Amino acid sequence: MSTPARPSPRRVRGEERSLAEALRRLSPYLEGIRWRWGAGLASAMLAGLVALAIPQVIQQLVNSVLRPGGDASDVWTAVAIMAVLGVAEGALVYLRRVFILPPAAGVENRARVALFRRLQRLPVSFHDSWPSGQLLSRSVGDLSLLRRWIAFGTVMFVVSIVTIVVGLGLLFATSWILALIYLAGAVPIMWRSFHFRNDFRAASRLSQDQAGDLATTVEESVHGIRVLKAFGRGGEALEGFRGQADTLRGTEVHKAAVLSKFISLIVALPETVIGLSLAVGIYLVATGDLTVGAVAGFFATTAVLAGPVESVGQLMGMSLSAKTAIDRHAEVMDTPVDIADPEAPPAGGTAVDTPGALAFRGVRFRYPDVAEGAEPLLRDITLDLRPGETMALVGLTGSGKSTLVQLVPRLYDVTAGQVLVGGRDVREYELVELRRRVSIAFEDSTLFSDSIRNNVLLGAPERVLADPAAAQDLLDLALDTAQAQFAHRLPEGLDTEIGEEGLSLSGGQRQRIALARAIAARPEVLVLDDPLSALDVRTEEAVTRRLRSVLAGTTTLIVAHRPSTVALADRVAVLQDGRILDVGTHAELLARSADYRFIISSFEADRSIESVMDSGAITAMTGTEGDRA
Amino acid sequence: MSRRDATLLGTRGEERLDLDATERRYVRARSWMLLRDLARPVRWKLLLTAVLVVVSNAARASFPLIIAWGIDWGLPQVVSTLRDGGSPAPVLAAVGGTYVAAALTAGLLLGTYTWLTARVSQSMLLDLRVWVFRHTQRLSLEFHERYTSGRVISRQTSDLDSLRELLDQGVSSLVSGLMFMLFTTVSVFVLDWRSGLVLLGAFVPVAIAVRWYQVRSEAVYRRSRVSSARMIVHFVETMTGIRAVQAFRKERTNDETYDRLASRYRDDMVHSLNLFGVLQPTLLVTGNLTVVALLVLGGFRVLDGTLAVGVLVALLLAGKRVFQPMEQVAMFYSSFQSATAALEKVSGLLEEAPTVRESPTPVPLPRAQGRLEFRDAEFGYGQGEVILPAFDLTIPAGQTVAVVGQTGAGKSTLVKLIARFYDLSSGSLTLDGVELDQLSATDLRHNVVMVTQEAFLFSGSVAENIALGRPDASDEEIQAAARAVGAHEFILSLPEGYDTDVTKRGGRLSAGQRQLVSFARAFLADPAVLILDEATSSLDLPSERLVQSGLERLLGDRTALIIAHRLSTVEIADRVLVVHDGRIVEDGTPEDLIAAGGRFAELHAAWKDSLVG
């Protein structure tokens, strides 16, 4: 099931910032670009002026050629000057790009890498509230807009303004009447082009959103194809899709309408003005108030001005979008990293009083996005695990088990109370140190696009990794313990790439690799959040047994759904409605707690026929019963 | 042909890059046919569009001609009229009016053409979207299982998006630009054929530069696509797996990896920008030097008096403008390329034929009793190995049948045959005596409904999700269905009751609740035959009890096949089928099977034992 990635018009903090202030936010990334930007601006400016000089040469030329007794040498002079100017214009345009583009791409890159670093360090609660699509559009779309603005938008905005001002000056110098006529046509275009960009962008945004919604519908229709086929609802799905696709078509056509109006205007209006100027110009030439060369020069100059006049409004609009992009970037960069290393290095170095001990003291937890007054998800949790002890955590769905275990490696911080590892508050450790001591396996096992080997050894101690033989031993042990021997039989063994561009594994296989990863980290405290849920009964029992021997000495807190796992734990903690109801051995709890018996019996009923039959040893199940007793 | 069939038909050759000439031609032809089919409904509009683009660009290219005419004819006229004391207005109006008329024609028609192109191309794209969507829905599950959902989705999203981008980024401005260059060249020839030859000569370096750019940029563009995809994949993977990233201290390694990927993307991008950085000034300089060449050629003839000065001015203006659209033409190439590749893949998908087809002459069966009969039925995928060897099975109307067996025993295949997700390889399967493949799709779905394991919910409200069972159902009927399976209470407790959006916070349903919604959906559909893959992977006891009673009410007196996951389900069945290695190895009432002492009896005994806590 996918959530439509609808970029809701969330308000961006920092909207009140001015453009200059927004630019200041960028200064860490601007290193080394400033002089090159200046050089690029100078090149672009010169290119603009050269372009304006060419019509002046034409004007002189036409006048001199027309002059009675005109001289061939005048033609050659004009030709030489125009050739030089023509080549110079190209060279300057080339220089502008050479000066600015690489450093602008550098700015984009630095901002992108900085954003990534920041995002990786922001707490899980931040990521809970930001869909990854939102973050991606900040990382890709926004920053590429920023590059185009720095490399092109800022420079061309300045150059366009200067070109327009100088060009108008030249026009006025030639003939104030013609210049006024031209100005009358140019102003509405500059005005419209600003609005055009806004309207067009709004239409583009809308079409992007609608295309996104359409993609969601497509995804659902493919993922839900069994349901659609089972109910014969292909027709209805198609109608719904057709409606959405038609809306998108309408938006695209609307977008084209905005564009076509603007195109009509920027072709028809200036050319109409030129038609008027042509008539007026001929009259002025006939009366002797103007030369033919001046008319030719006028037309050539307006041709040079056409580009800047069309784009100056759009460039201004681009600056506004760029500012929004900067604000959106700053919004993420300014979000505080509230799960971070302690400010002062822990007193007494990394030594701890009781290695391997894990304790919860009066822990209370509420998700940050939940209202202040709401009942906390976890309340007054106090629990002590002795070093080397295995404790099972059981409870019904929604009792808060997964949340509780995530507090140990500080994926979330407690709202109140303390979590102690090795007798010391987890917030006193450097994060790296804490997460080296504590390792976790999640129910939904996230693996990365990499080899099996690298996935499993991800959290392994550095000293083991330094020795290839030891690393291999650890890898084998971890895979063996997690009953993930299948990995050796993959096409390229342990070097098989998995994930996006590699092999996809089944849910049970992924879980076992993720479990092996947690084991290979060789932690003092191992936290397992129902890591065996996708395994069949027999494999699960084998894993649990092996874990006991391999992890002897490792403190283990395991969220369990199966009686066999629970039975192997030293003690069991029962979590209900966010509180610890009881702690004791399996036998004690069975004897004294009706709630515990209820929970355990619910586990029993959960066992599927398939898994019992798959275990291939229907009679062998009585053996398990014997062990437990 | 046969070789091609085997390797290229449909989606088979789409990952291959080493197509030989014949194969390329086949794939190209397939795309062209698709394009032609798409164009057929809009062919008159296409023609009109073509006329508009010709006229508007002819008008645009005529501006220099009018200026030449104005200076060389109009100016002497005005001078002589003024000398004679007459009014210059008619001549000025003629010159100015012609120019303004051309300007308005060019501008308005260009705008209309742009708009019309969008209408035509967008309606073609809409057709294509709908065709692909419909076709995907029609393709059998066998295809979907082979082709994977990711690829079906990207055919319909990213591939069609690259077509959209092509249309968006102005296929219209491309055509119009080419037209403009053509007409400007023609008008230069009209003014002065020698200058026309110079202009043609200038097209040689321009063509070389554009070709150079296309060839280089194609490679660079592809590389930057790959590097941006890698960067994005790494980004998304990191953000979606942030818990594991932090828990295993992967931040620093990721920093390095991402830095490397982002820098490679930057390098590729700069490389591709640099290529354009060469092309753009080259075009500019070529244009400027063309003007200079025209000046050399024309200037001296003006001195001689063999060329009018207005013509020279017009030539210079035309020469300056003629290469302007070339940039767009060059830039266009890469999006054109990716759109072509997309069209080739999409046409391949459309070429796939559904293996489960609706009969052209269906036998009507509006309301079945629900008697199912397999005779000598055998099933295997395509020509592959046999999954279910020949078997006979009769299920009387109204019977509740539980199917049990190990993973991969063939339980699911057996029941999916009844839903006609697959067709038998040989033998017959009838519903009330009618061959299943002789039923119309409507009658089949009216009579046979399958509730799948995933309990998939579509985005939208709870009510909409239930209404999927019968889209014309009233609100009362929807609520009655929910009540019947015991889903009403929890739905009312949702933030907006039946209108709660299942994708929004607070609307996310637990596994058990989703299952109940899918039961309500099936109840509303009210089929004669119901097939249930009773998934219960993570239900806890209270949810399980809820689902169990809902299930019993859903079954009613329908014929039902249930892939049973719990013994409690088996207990409500009239009959149990034990499937092993594709064969039905035990068949009887639960009591009989327990008494007979086979696999089922053993299973039952083990189960009972385990409940003695």
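B:Val448 is buried, with a relative accessible area of 0%. That makes a handy place to start a tour of this predicted model.

**Around B:Val448**

You'll find B:Val448 in strand 6 of chain B, the stretch covering residues 448–451. Setting aside residues up to four places away in sequence, B:Val448 touches B:Ile418, B:Ala419, B:Leu431, B:Pro527, B:Val529 and B:Ile531, and also A:Ala230 from the other chain. Look at B:Ala419 in that list: B:Ala419 sits 29 residues from B:Val448 along the chain, yet their C-alpha atoms are separated by 6.2 Å.

B:Ser31 lies in helix 2 of chain B, residues 21–39. Why does B:Ser31 count as buried? Because its relative accessibility is 7%, and the cut-off for buried is under 20%. Leaving out residues up to four places away in sequence, B:Ser31 touches B:Leu343, B:Glu344 and B:Ser347.

B:Ile478 belongs to helix 17 of chain B, which runs over residues 475–484. With 5% relative accessibility, B:Ile478 counts as buried as well. Apart from neighbours within four places in sequence, B:Ile478 is in contact with B:Ala463, B:Ile466, B:Ala467, B:Ala473, B:Tyr498 and B:Leu524.

| Residue | Element of chain B | Relative accessibility |
|---|---|---|
| B:Ser31 | helix 2 (residues 21–39) | 7% |
| B:Val448 | strand 6 (residues 448–451) | 0% |
| B:Ile478 | helix 17 (residues 475–484) | 5% |

**Stepping back to chain B**

Now zoom out. Chain B has 23 helices and ten strands. Of its 613 residues, 56% are buried. Take the contacts in chain B between residues at least 6 apart in sequence, and 75% of them join residues at least 24 apart.

What about the overall form? The C-alpha trace of chain B spans about 125 × 60 × 60 Å along its principal axes. Its radius of gyration is 36 Å, whereas a compact globule of 613 residues would come in near 25 Å.

How much area do chain B and chain A bury between them? The figure is about 13,700 Å², with 70% of it on carbon and sulfur atoms. In chain B, the residues that lose the most area to chain A are B:Arg243, B:Phe248 and B:Arg249, and together they account for 6% of what that side buries. The contact draws 159 residues from chain B and 149 residues from chain A.

There are charged and polar links here as well. Five salt bridges turn up across the interface of chain B and chain A. One of them pairs B:Arg321 with A:Glu271, where the closest N and O atoms are 3.4 Å apart. Counting polar contacts between chain B and chain A gives 26 residue pairs, both residues being at pLDDT 80 or more.

Which part of chain B supplies the largest share of the side that touches chain A? That's helix 11, residues 251–304, with 30 residues. Sorted by class, the side of chain B that touches chain A has 86 nonpolar, 38 polar and 35 charged residues.

How values were computed. Residues are numbered from 1 along each chain as its sequence is written. Chains are lettered from A and ligands numbered from 1 in the order in which they are written. This is a predicted model: local features need pLDDT of at least 70, side-chain atom pairs count only at pLDDT 80 or more; totals for chains, interfaces and linings use all residues. Side-chain values use heavy atoms; hydrogens and water are left out. Contact means heavy atoms within 4.5 Å. Buried area is the accessible area (1.4 Å probe) that two parts lose on being put together, summed over both. A salt bridge is a side-chain nitrogen of Lys or Arg within 4 Å of a carboxyl oxygen of Asp or Glu. A polar contact is a pair of N or O atoms within 3.5 Å; within protein, one must be able to donate a hydrogen and the other to accept it, and residues adjacent in sequence count only if both atoms are side-chain atoms. Helices (H or I, at least four residues) and strands (E, at least two) are DSSP runs, numbered from the N terminus. Ala, Val, Leu, Ile, Met, Phe, Trp, Tyr, Cys and Pro count as nonpolar, Asp, Glu, Lys and Arg as charged, and the others, Gly among them, as polar. The radius of gyration is taken over C-alpha atoms; the globule rule is 2.2 Å times the number of residues to the power 0.38. Buried means under 20% relative accessible area, exposed over 50%, partly exposed in between (1.4 Å probe, protein chains only).
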